[in-house]
Amino acid sequence: MQTGAAVAGFNEQFDQHGAWRRETALRLKVLGDWLHEQQLLDGGASEGLQRLTEQLQSDKLMVAFVAEFSRGKSELINAVFFAGYGRRIMPASAGRTTMCPTELGHDASVPPCLRLLPIETRLQPQALMEWRLVPEQWTRVDLDVNDPAQLAGAMEKVAEVNLVSVEQARALGFWHDEHPQDNPPVDAQGLVEVPRWRHALINMAHPLLKQGLVVLDTPGLNAIGAEPELTVNLIAQAQAVVFVLGADTGVTRSDLAIWQEHLAPARSGIGAQLVVLNKIDALWDGLRTPEQIEAEIARQCASTAQTLHVDADQVVALSAQKGLLAKVRGEAALLQDSRLPAFEALLARMALGERQQALEQAVHRGLERLQADALRVIGVQRREWVEQVQELKGLRGKNHAVIRHMRRRVEGEKQTFDRSAAGVLAVRSVHVKLLREVFALLSSASIKSELAGLSAALREPGLKLGVRKVYAEGFDRLRAVVRRVTGQVGEIDVMLGSAFRTLNTEHGFSLQVPPAPDLHRLESELAAVEQSHVQYLGVGNLLHLVRAEFTDKLIRSLFARVRAIFETTVGEIELWNKAASGQLDVELRERRRAFSRRIETIQRIQDAASNLDSRLAELDQQLQSLQARELRLGRMVRELQSSVAPARSGQAVETALA
């Protein structure tokens, strides 16, 4: 791959974002290793740290490119992400190129390859999410990432087509009697052209893809409308959506159909949205002055923003072809004329800025929890050491009978404490029972049960004119589940608070119930899913519900999305539970250790009175060591926190972390 002039603004900023994530994950690992070495990590804190580190290492940023055919979408992808290869990688020529949705990403566990799902799988009810779990059903083509020609040749497969009868095209979702204007042309043999592949997954170790970038290249309206999962799941969850139009044509009828049916800003769940007016080089001619050309581009941008009801700063005009050419040849002037750098900077700011801010907040919250948990462990240890110091100082000048009495008293306290531990187990039993009920409410079986009415209504034959009401009823049931879960979590929170206060009073513990997960986000995410489905079916796609195979795919897509949201919530609740349980484990462990140390010390004092002063000196050293650990913990956390935010300012990450 080439470097230098071929590296663009988005690439640089994404590189910085990736370097920041790696450096932060490394710093977290160093902190975690030290905490583990110092025995300051309980089970819940350890798992929370591991999840945070994995989030930084595996975080994905999806940028979806959406357009009707022949808008230069694949060329824009080449120009922004793959110019470093010195040639086109994604097929980009006149006419239809990308015939199936194509995802570019990186999975280190899979060799570089192109995987293609046959179009015939549309005749079966499984959703795309399910087909991903059946790799043997995909056609695989190995890729040589060091050979741009082989790579580009393999990518040509996403443009392959099949010739099928009208009946087959109708069954596959590419022929609609109610929308004849959108149907593909019929050749002299009565056959129509349809994509050969339903979906393509490209796995390659491109530098940006290795750092978590996922590029989604979508075909035109016909293909998007036939894959409900593409719109209601993949595009809806992208951090940025780039809608590509032709600068010479503006917003055509088919462009507007894609926007209204799949991307309208009224939909929630989609991150940054950018509109690109591509091919401004078609307006460059020798018969108009640069000022006249600039005025025409400005008019097209303003007209596009007004038609699509978006802010003017969301519309960018450029030439992807000239931008790619300029990067490959290293022509700085042509690159500026193409306006590609301005688009890349805006894309980076809107997509990366929001994503990095979310990661920064997650790191800060994680550090606060880690520090609080470690300080709590230090506090428990300090309390036990101080109590032992006071106890030993009280033994000065005492005879052997008093010391023997002290030992019997400590042993009695230990037995009493061990018996009381049974009560702790009873509290845990009730706690686990309530948690099981919560997890049952958030299970796949629960989702299917609550959406059974919606599923049955959508599978009824005929036109579903009351689809909004049907969805509202189904999601009302899901919201009722969320309210029950919220109530159960609140009940667990109150129960833990009461139990912890009792244990603190009886045993001098310092237990604190960690903050319960914020389940308000759960309702907002469900609302986003509902809105994406209702918006999707609110215009032309409502007619698709007449077809049973389309309805099956839509329902399966809905189940998959809701299940993913609920599974994330289950993980958060499990982590909360482990954080609470971990505190209790620390208190029990340290108290048992303290009893053992006290009995051992008294035994040593019985054997030799001179051991008292030496033991007090040891305890003083332990207390000083605890103070040193507390100071170092504070310093390490402050240094890590200070390294988190500066990367967002656009500085080099290495400078920010110095």
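Among contacts in the protein chain between residues at least 6 apart in sequence, 83% join residues at least 24 apart, where contact means heavy atoms within 4.5 Å. The chain has 658 residues, of which 52% count as buried, buried being under 20% relative accessible area, exposed over 50% and partly exposed in between, with a 1.4 Å probe and protein chains only. It holds 22 helices and 11 strands, which are DSSP runs numbered from the N terminus, with helices (H or I) of at least four residues and strands (E) of at least two.

This is a predicted model, in which local features need pLDDT of at least 70 and side-chain atom pairs count only at pLDDT 80 or more, while totals for chains, interfaces and linings use all residues. Residues are numbered from 1 along each chain as its sequence is written, and side-chain values use heavy atoms, with hydrogens and water left out.

**Helix H3 and its partner H12**

- Helix H3 (residues 73-81) packs against helix H12 (residues 320-329) at an angle of about 30°, with the axes 8 Å apart; axes are lines fitted to C-alpha atoms, for helices over the stretch in contact, and angles run from 0 to 180 degrees between N-to-C directions.
- H3 and H12 are therefore roughly parallel to each other, given that angles under 35 degrees count as roughly parallel, over 145 as roughly antiparallel, 65 to 115 as roughly perpendicular and the rest as oblique.
- The crossing of H3 past H12 is left-handed, a term used if the near helix is turned anticlockwise from the far one by less than a right angle, with right-handed used if clockwise.
- On the H3 side the meeting residues are Glu75, Leu76, Asn78, Ala79 and Val80, and on the H12 side they are Ala320, Gln321, Gly323, Leu324 and Lys327.
- The residues of this contact of H3 with H12 divide into 5 nonpolar, 3 polar and 2 charged, where Ala, Val, Leu, Ile, Met, Phe, Trp, Tyr, Cys and Pro count as nonpolar, Asp, Glu, Lys and Arg as charged, and the others, Gly among them, as polar.
- Because 9 of the 9 residues of H3 are buried, the helix is largely enclosed by the rest of the structure.

**Lysine 73**

- Lysine 73 lies in helix H3 and counts as buried, at 7% relative accessibility.
- The side chains of lysine 73 and aspartate 217 are joined by a polar contact of 2.7 Å, that is, a pair of N or O atoms within 3.5 Å, of which, within protein, one must be able to donate a hydrogen and the other to accept it, and residues adjacent in sequence count only if both atoms are side-chain atoms.

**Helices H2 and H14**

- The axes of helix H2 (residues 43-58) and helix H14 (residues 340-393) come within 10 Å and cross at roughly 160°, and H2 and H14 are therefore roughly antiparallel to each other.
- Ala45, Leu49, Leu52, Gln55 and Leu56 of H2 make this contact with Leu359, Ala362, Val363, Gly366, Leu370 and Asp373 of H14.
- By class, the contact of H2 with H14 has 8 nonpolar, 2 polar and 1 charged residues.

**Two buried residues**

- Leucine 352, found in helix H14, is buried with a relative accessible area of 6%.
- Leucine 352 and leucine 61 are 291 residues apart in sequence, yet 7.9 Å apart in space, C-alpha to C-alpha.
- Valine 275, in strand S10 (residues 272-278), counts as buried at 1% relative accessibility.
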